[in-house]
Amino acid sequence: MIRAGRRKYAQTSDELAKAMGISIGTFRNKQPYTVEDFPPLISSKGARVKLWDSQQTAAYLAGRPVPAAVDEDDDQDLLDRNEAAAELGVSPKTWDDYKRHPQIAPHLIKVKGVEHCPRGILKTFRTAKSASTDTSPKGRPKGSGDIVPRDEVAARVGVLLDEDPAVTLATVQERLGLSYAAAARALPRLRGERLADLLQAEPDLTPEDAATRLGYPAAVHRTTLSSAATELRVRQVQPYLQRVADVLVGAGLAEQQDVVVQRLAGDALAAAVVLNHAGAQALVWDERYGWRTAVSRRHPIGKDTGTPPEGDGIRYLSTEQQPEAAELLAALTDGRRGSRTPDTIHPAGTTLHG
């Protein structure tokens, strides 16, 4: 975590490599930060973006005593994704839903491109959640839109699922004022994410046994298992996509960013890496047809979930699902096509079986 008042000292891998006088490639390969007396990370274990305290690393590199880190918690401490999830006693994936809650979202802070939440905000949210009563709107007026803003739906449904794992779609609709379609999207997905958490933590469990342990009714097992299978595919591919983004950052073609995998129609997976490269606004990965350039930074994936034709700024770099990052970098920077517009679609869906 970034201790209170230490935000300005946060240091990325790129910045530390420059301070050490080595390239980022050498830094990643040799990992000089793994030696026993090197200053500790201020990012959590397993964080996608590593951060250090620059005062500590500067002292170490100069051969001076490394200033001791503060070990007393403060409400102004900044916690990253994994730390925030641990503070609330939930999985990082559940935190991704909670962070959209109106009590949390306005207070999120990005440090070196990494989202953090103040400890005090988490404490307030946890207290309010524990003491909450049912004051939410009843029902959805006919002809109206959903009462809960779209970016808050997952967090609100997550709270109901915490209260009752067997909560029904009808109850979600009534308690949150959602349409049937919105409730039917959110509830199975959240159940699937929590099932995926349990299956990863205890791989010897069958999916059906895991669903039963979580308290999910037998009637929703099929949809929950399907959603969990998709979630596990998301988690499997995310590290690869993040490595590609990191290579592009190291080449100066992108800013540091956390890659988010999106589910498209039919449970196909896609993701985007925003670029600062003059030849393209972003790179889009879709498991059905590989990598392509995009013409929009704000909406790089777009609403069309088919195969966009080449031209007008769209160029296919590779139709392989997971080509090496170096291949993509070469195709992007020297203008070579990895392949023509794909005319085959890779299968996207899988189902969990016991």
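Leaving aside neighbours within four places in sequence, which residues is Arg-119 in contact with? In this predicted model, the residues in contact with Arg-119 are Met-1, Arg-3, Asp-73, Asp-74, Asp-75, Asp-77, Leu-79 and Glu-87.

**Arg-119 and helix H6**

- Helix H6 covers residues 119–130, and Arg-119 lies within it.
- The relative accessible area of Arg-119 is 5%, and because buried means under 20%, Arg-119 counts as buried.

**Ser-227 and helix H11**

- Ser-227 belongs to helix H11, which runs over residues 221–250.
- With a relative accessible area of 6%, Ser-227 is buried.
- When residues up to four places away in sequence are not counted, Ser-227 touches Pro-188, Arg-189, Gly-192 and Arg-263.

**Nonpolar cores**

- The largest nonpolar core has 25 residues, of which Leu-241, Leu-248, Leu-275, Trp-291 and Leu-332 touch the most other members.
- Two or more residues of this core come from each of H11, strand S7 (269–274), strand S8 (282–286) and helix H12 (325–334).
- H11 provides the largest share of this core, with eight residues.
- Leu-241 is in contact with Val-259, Val-261, Ala-271, Trp-285 and Trp-291, leaving aside its neighbours within four places in sequence.
- Another core, of 22 residues, lies apart from the largest one; its members include Val-167, Leu-176, Tyr-216 and Ala-228.

**Loop residues with positive phi**

- Most residues other than glycine have a negative phi.
- Lys-112, a residue other than glycine, has a positive phi near 55°.
- Lys-112 is placed in the loop between strand S4 (109–111) and strand S5 (114–118).
- The relative accessible area of Lys-112 is 35%, and because values between the 20% limit for buried and the 50% limit for exposed count as partly exposed, Lys-112 is partly exposed.
- Asp-267 is not a glycine either, and its phi is positive, at about 65°.
- The loop between strand S6 (262–263) and S7 holds Asp-267.
- Asp-267 is partly exposed, at a relative accessible area of 28%.

Conventions:
Residues are numbered from 1 along each chain as its sequence is written. This is a predicted model: local features need pLDDT of at least 70, side-chain atom pairs count only at pLDDT 80 or more; totals for chains, interfaces and linings use all residues. Side-chain values use heavy atoms; hydrogens and water are left out. Helices (H or I, at least four residues) and strands (E, at least two) are DSSP runs, numbered from the N terminus. Buried means under 20% relative accessible area, exposed over 50%, partly exposed in between (1.4 Å probe, protein chains only). Contact means heavy atoms within 4.5 Å. A nonpolar core is a set of buried Ala, Val, Leu, Ile, Met, Phe, Trp, Tyr and Cys residues joined through side-chain atoms within 4.5 Å.
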